[in-house]
Amino acid sequence: MINRLYDTSLSLLTDLYQLTMAYGYWKSGKAEQEAVFNLYFRKHPFGGGFTVACGLSSAISYLNEYGFSKKDIRYLGTLTGSDDQPLFEEDFLEYLRNLEFKCDVEAIAEGTVVFPNEPLLRITGPILQCQLLETPLLNLINFQTLIATKAARMRLVAPDDALLEFGLRRAQGPDGGMTASRAAYIGGFDATSNVLAGKLYGIPVKGTHAHSWVMSFDTELESFETYARYLPNNVTLLVDTYDTIQGVKNAIIVGQQLRVRGHDLGGIRLDSGDLAYLSIEARKILDAAGFEKTSIVASNDLDEHIMDSLKQQGAKINVWGVGTKLVTAYDQPALGGVYKLAALKNERGEWENKVKLSEQTIKTSTPGIQQVRRYRNDRGFVADMIFDVRMEVSEKATMVDPYDFTRQRRFDTRYQSEDLLKPIFRAGKQCYEIPAIEDTKQRVQHQLSQLHEGTRRFVNPHTYPVGLEKGLFDTKTALILKLRGGE
Ligand SMILES: Nc1ncnc2c1ncn2[C@@H]1O[C@H](COP(=O)(O)OP(=O)(O)OP(=O)(O)O)[C@@H](O)[C@H]1O
Ligand SMILES: O=P(O)(O)OC[C@H]1O[C@H](OP(=O)(O)OP(=O)(O)O)[C@H](O)[C@@H]1O
Ligand SMILES: O=C(O)c1cccnc1
């Protein structure tokens with residue numbers, strides 16, 4: 001999609017510094033040195049207790065098309081440094097032109113619930129290639145993960161209702177709109193108003209009508225009658241243009257006319273005022289007139305908190321139209337996912353662990369070639385343990401809380417476990433079949449059902465346990481001490 005939108009290859013969709021570093025690696029003979037990078041986030045968005053991974057299929061498409069076109073190379077050749085001389089020499093540009101993606105990629109499947117510090121994606125390959133991919137991979141995964149998580153939160157509030165995504169007009173540009181529609185669907189929405197997303201992603205499309213339709217007639221009743229005449233199988237009438245209660249009564253008149261013609265009134269939509277009060281009143285009026293099955297759609301700057309509040313007030317809304325606050329992730333417009341070097345192969349062909357130190361413990365990266373093992377019992381997910389695939393990890397592994405090493409947990413055979421990072425690319429070739437979007441969507445709901453209720457709540461959610469396997473914890477601690485000179 002984005003390819004056609006910009007009519008170019010997307011390999012330059014990266015930050016310039018990735019290319020300057022790539023040049024530096026190449027000049028210093030390090031371009032092909034094997035490296036391992038991890039993509040992870042440090043904190044759940046929206047103050048929540050879980051995050052829904054999303055964006056892997058876009059990342060796979062991106063990586064499958066990776067490569068620099070002649071036009072890309074020509075453009076890079078025009079870039080100059082502070083002395084007005086070319087930034088990159090010809091031979092390097094030739095190297096880029098011939099570059100073939102040949103990394104290994106492991107990733108956690110889209111639609112999986114994930115937690116801070118777990119690698120969502122691990123990329124192993126020539127450092128130059130891994131480096132160039134930092135920005136696009138973060139761009140693809142951060143945003144979609146954010147929106148899928150936001151949508152999942154809304155789905156938790158309204159498990160049995162229909163959720164419609166109405167955000168395109170407020171989205172962050174065309175690509176923001178398209179990817180948000182897809183991620184919202186995966187996260188738990190039932191349909192979108194975005195017709196292109198419907199076409200390209202196979203998402204159901206749904207819609208009502210706007211105030212302008214009503215305003216373009218002399219009376220509201222005439223506007224409703226006309227709409228019902230021409231679209232008798234899609235009649236959800238927006239009743240709040242003038243007087244909401246009168247609007248509901250007019251909708252009922254049209255509903256009765258529809259029934260005579262063998263159709264029915266699908267729904268009414270409320271888009272302003274007190275949505276609890278108005279939906280309760282509208283439900284009474286509709287039920288009294290024999291329109292018990294007619295839906296009540298609500299829209300107007302909704303988010304999961306307002307939806308929750310409306311539910312608690314007894315609102316009779318069974319279809320929710322949500323735009324701005326969903327597709328822009330209004331209260332937290334970015335997920336702080338990062339991409340860090342975790343290991344590098346030396347000249348002797350041995351892996352060396354790498355960490356990025358930080359004053360704040362939370363920001364010190366974890367070294368090694370990591371995998372995430374998720375333990376579960378009959379009631380659902382119990383804990384996730386990050387371990388290094390090069391270390392022997394027995395069934396009786398010990399997990400250490402990285403923020404408090406005195407908190408340790410021993411696993412045994414009573415738990416079932418699954419390693420979450422799956423092979424996606426081997427030596428640049430895709431070896432993973434992307435699941436159908438419907439399967440990914442179902443996966444989200446199943447995953448959420450495996451979380452403890454406390455982890456799903458919005459206010460002060462329970463922290464799901466994620467720790468480091470004892471061997472990895474010790475390796476990390478030793479490396480930090482060595483780097484700080486306290487060995
Ligand atoms: N009963 C309710 N409890 C909590 N929030 C509500 C309730 N009813 C509506 N809201 C929310 O309150 C906000 C009201 O928005 P606003 O002040 O713009 O009023 P409005 O009636 O929509 O006016 P306008 O005609 O300008 O759209 C919206 O976000 C809406 O979803
Ligand atoms: O409120 P959102 O969650 O973004 O949902 C989409 C909104 O877009 C439409 O109106 P628009 O906001 O364009 O105009 P209006 O506020 O005047 O109805 C619709 O009526 C919703 O209110
Ligand atoms: O179909 C609707 O009702 C709709 C679509 C987009 C934005 N607001 C409402």
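Phe425 of strand S19 (residues 421–426) stands opposite Gln430 in S20. This is a predicted model, in which local features need pLDDT of at least 70 and side-chain atom pairs count only at pLDDT 80 or more, while totals for chains, interfaces and linings use all residues. Residues are numbered from 1 along each chain as its sequence is written, and chains are lettered from A and ligands numbered from 1 in the order in which they are written. Helices (H or I, at least four residues) and strands (E, at least two) are DSSP runs numbered from the N terminus. Two strands pair if DSSP finds at least two bridges between them.

- S19 and S20 are joined by two bridges in the antiparallel sense.
- Strand S1 (residues 34–40) and strand S12 (residues 338–345) run antiparallel and share six bridges; Val36 stands opposite Ala343 in S12.
- Three bridges connect S12 with S13, again in the antiparallel sense, and Leu344 has Glu352 in S13 as its bridge partner.
- S12 and S13 form a hairpin with five residues between them, and Gly349 in the turn has a positive phi of about 80°.

- Axes are lines fitted to C-alpha atoms, for helices over the stretch in contact, and angles run from 0 to 180 degrees between N-to-C directions.
- Eight bridges pair strand S14 (residues 370–377) with strand S15 (residues 380–388) in the antiparallel sense, and Asn377 stands opposite Gly380 in S15.
- Two residues are in contact if their C-beta atoms, placed from the backbone, lie within 7 Å.

**Ligand surroundings**

- A residue is near a molecule or strand if its C-beta atom, placed from the backbone, lies within 6 Å of it. In the class counts, Ala, Val, Leu, Ile, Met, Phe, Trp, Tyr, Cys and Pro are nonpolar, Asp, Glu, Lys and Arg are charged, and the others, Gly among them, are polar.
- The residues around ligand 1 include Ser272, Asp274, Asn300, Asp301, Ile306 and Gln313.
- Helix H13 (275–288) and helix H14 (304–312) each supply at least two residues of the ligand 1 shell; H14 gives the most, with three residues.
- The ligand 1 shell has five nonpolar, five polar and two charged residues.
- Ligand 2 is surrounded by 13 residues, the closest being Phe166, Asp271, Ser299, Gly323 and Thr324.
- Strand S11 (319–322) and helix H15 (324–327) each contribute at least two residues to the ligand 2 shell, which comprises three nonpolar, five polar and five charged residues.
- Phe166, Ser193, Gly207, Thr208, Ser299, Gly321 and Gly323 surround ligand 3; one of these residues is nonpolar, six are polar and none is charged.

**Helix packing**

- The axes of helix H11 (residues 220–230) and helix H12 (residues 244–260) come within 9 Å and cross at roughly 35°.
- The contact involves Glu220, Leu221, Phe224, Glu225 and Ala228 of H11, with Gly247, Asn250, Ala251, Ile253, Val254, Gln257 and Leu258 of H12.
- The residues of this contact divide into seven nonpolar, three polar and two charged.

**Annotated regions**

- UniProt lists residues 163–346 as "domain: Nicotinate/nicotinamide phosphoribosyltransferase" in an unreviewed entry. UniProt positions are given in the numbering used here, feature names are shortened, and annotations may be inferred rather than shown by experiment.
- Over residues 163–346 the chain is 45% helix and 15% strand, with the end C-alpha atoms 52 Å apart.
- The annotation "domain: Nicotinate phosphoribosyltransferase C-terminal", also from an unreviewed UniProt entry, covers residues 372–476.
- Over residues 372–476 the chain is 23% helix and 40% strand, and its end C-alpha atoms are 16 Å apart.
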